[in-house]
Amino acid sequence: MTAPLDALEPAAQAAGSAEEPQARRGTLRYALSKAAGALFSIAMVIVGTFFLFRLLPGDPVRNLAQGRNMTPAQLDLERHRLGLDKPLIDQFFDFVGDTLRLDLGTSYEYKRPVLDLIGERLGPTLLLAGTGLVIAVSLGLWQGTHAGWRHGSRFDRFSTGASLVLWSVPTFWLGLLLMMVLGVGIGPIPGLFPFRGIESIDAPDGFAYVLDVASHMVLPTLTLVAVVYAQYLLVMRSSLLEEVSQDYVTVARAKGLRDDDVRKRHAVPNALLPTVTLVFMRIGFVVGGAVTVETIFTWPGLGQLFYEAVSVPDFTLMQGTFLLITVAVIVMNTLADVVYHMIDPRVRSA
Amino acid sequence: MTSVAMARRRLALSRFWADFRRQRAGVVGLVILIVAVVLALVAPLFIDESVTSVVTGTGPKWAAPSLDYPFGTDESGRSILLMVWWGSRTSLLIGFLAALLSIVIGMVVGITAGHFRGWIGASLMRVTDWFLVLPSLVTAMVLAAILGGSTFTIIMAIGVTTWPTTARLIRAQTLAVEARPYIERSKALGGGHWHITTRHVVPNVAPLLLASTTLEVASAIVTESTLAFLGVSSNKTSWGTMLRGSYDWGAPTQGAWWYILIPGLAILAVVMAFMLAGRALEAVLNPQLRRAS
């Protein structure tokens, strides 16, 4: 999948020097203002979601009724059940109140509260996306560091080329290919890994169950990592390239430090800060990848739930999952922002 | 426009072309792009929409690539080659128009936010940041699902979710341009907001816009195929809907590698071509980048 290319440029806010005594108070104030900003964004998401799902063309009830036999009376009943016969302003306050109480409504398809459905699906998604993220970050940062340090070398050219290809590959296509080659098996090669769901039908207990889930995770994780790690590599590489030409690196070399020490102790820590932040700033991208990967490999997570909601379409479920995903992304971004501010003195003065 | 200005522009353009030609990867990308666009444009001279119809698919089902069907056939005997060719029209059309929409919104918001620096600029940037945080694929899926699948809504959904990066880029560039002395001169001579933004800022950000449009088209094509694969499509044959079909009909388990490989390779080739051309453009237009990579 392709992400906006600005992700390649490390955060350019760094400038000036911090006034140390005031730094702590400044951080707190910064965190509070960021939190306020995040709350405002979340409020806007809730308001936006309300209008999106109600004012855009298409009557929700008629959409629900698509392809189903429903009499006008049934349609009216459905409207009443959803509160759609009330004035818009009342609907709005109902919606905001319900959302704040975490009442996301009842799924049309499952006939169950949306929140319960989300609760069930949260675990698998965290497992898949978490594992994928950890692997992608460590691999991307490691390879990006080495590519950037020996920039222009064969390793660098190979890494950059490979990540540009991976970056252009649609996530779902890569998933399909992996499924065909490693899941089903092609020609003489047998299928190596299961590619449907999170566990076998006759899943064993105990440690064997862990192994079973792990083998089901291989293909989805591989797909997610391949697509996500490419951009981490590129970000880390360009971030390190900016550090390599800095004076302090020259000084470190002039002191006679070994090349490895210059890299590990001087250049990498500085390059790491903007990169790690960007990793979390672009978490929305990982979410998009997770939706696609979960859909292909029928991984019973949030992404697949959202996909089901879109394809039915089940608007209550779609609205609930959309709200949750968006709010989670906003919270992660804000945390990344604040942590960055705390650990990097260069942005504190700005 | 005076002839002096014309001559200067022509000179700048030829210098730009000379620089671009030196970027080998960029030229390769450009050639692939031209071939792809020309093929898509001339497709109606040779084939028509019936190649995508299940009714007229008369070949054998799931046929492996052969002389008759160079890229094999799908579950109802349609030629993959012809479908990919015809599907390129939808994929490229949506890619171009969505990127254009995204760039136009981004440019207008970016220049406005950079030009009016008071509360207008600040609130515009807040809106931009808000859109930037939204997970774009998920938002586009919701938009497309609510608006219903048509080529127009897919374009809207992609355009509306991808403009913020352009807006940020253009705002930064606008700020840089407006800090230059000739803007002050223009103001002193009585140039209004409209004059300054359209006569001075736009020409200065235009090269940057060209580069980011190229990259934006690449990402729009991928997004379109992903949306189509996830079931919210324009109901016309595109590379994304073909891959959706291959998944729905179980091509991976059927071992029909051609059904998966060919449309995907088409996406990959075009997207890579846009990426290469876009990166080359960036490298030519941004000397700092040229030094770094």
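**Transmembrane spans and the A–B contact in a predicted model**

Residues 92-118 of chain B are 89% helix and 0% strand, with end C-alpha atoms 39 Å apart; helices (H or I, at least four residues) and strands (E, at least two) are DSSP runs, numbered from the N terminus. This is a predicted model, in which local features need pLDDT of at least 70 and side-chain atom pairs count only at pLDDT 80 or more, while totals for chains, interfaces and linings use all residues. Residues are numbered from 1 along each chain as its sequence is written, and chains are lettered from A and ligands numbered from 1 in the order in which they are written.

The span at residues 92-118 is one of those that UniProt, in an unreviewed entry, lists for chain B as "transmembrane region", together with residues 25-47, 130-158 and 256-281. UniProt positions are given in the numbering used here, feature names are shortened, and annotations may be inferred rather than shown by experiment. Residues 25-47 of chain B are 96% helix and 0% strand, and their end C-alpha atoms lie 32 Å apart.

For chain A, UniProt (unreviewed entry) places the feature "transmembrane region" at residues 35-56, 122-142, 163-186, 206-230, 271-297 and 317-340. Within this set, residues 317-340 of chain A are 100% helix and 0% strand, with 35 Å between the end C-alpha atoms. Residues 271-297 of chain A are 93% helix and 0% strand, and here the end C-alpha atoms are 36 Å apart.

Turning to the interface, chain A contributes 47 residues to the contact and chain B contributes 39 residues; two residues are in contact if their C-beta atoms, placed from the backbone, lie within 7 Å. On the chain B side, the helices that each supply at least two residues include H6 (151-178), H8 (193-229) and H11 (257-285). This side of chain B has 29 nonpolar, ten polar and no charged residues, where Ala, Val, Leu, Ile, Met, Phe, Trp, Tyr, Cys and Pro count as nonpolar, Asp, Glu, Lys and Arg as charged, and the others, Gly among them, as polar.

Confidence was examined for chain A, whose mean pLDDT (the predictor's confidence in each residue, from 0 to 100) is 81, with 87% of its residues at 70 or more. Over residues 1-21 of chain A, pLDDT stays under 50, and the model has 53 contacts beyond four places in sequence for them.

Finally, the loop between helix H4 (88-100) and helix H5 (114-149) of chain A holds Leu102(A), which has a positive phi of about 65° although it is not a glycine. Lys111(A) also lies in the loop between H4 and H5 of chain A, and its phi is near 55°, a positive value in a residue other than glycine. Leu102(A) is exposed, with 12 other C-beta atoms within 10 Å, and Lys111(A) is exposed with 7. A residue is buried if 20 or more other C-beta atoms lie within 10 Å of its own, exposed if 12 or fewer, and partly exposed in between, with C-beta atoms placed from the backbone.
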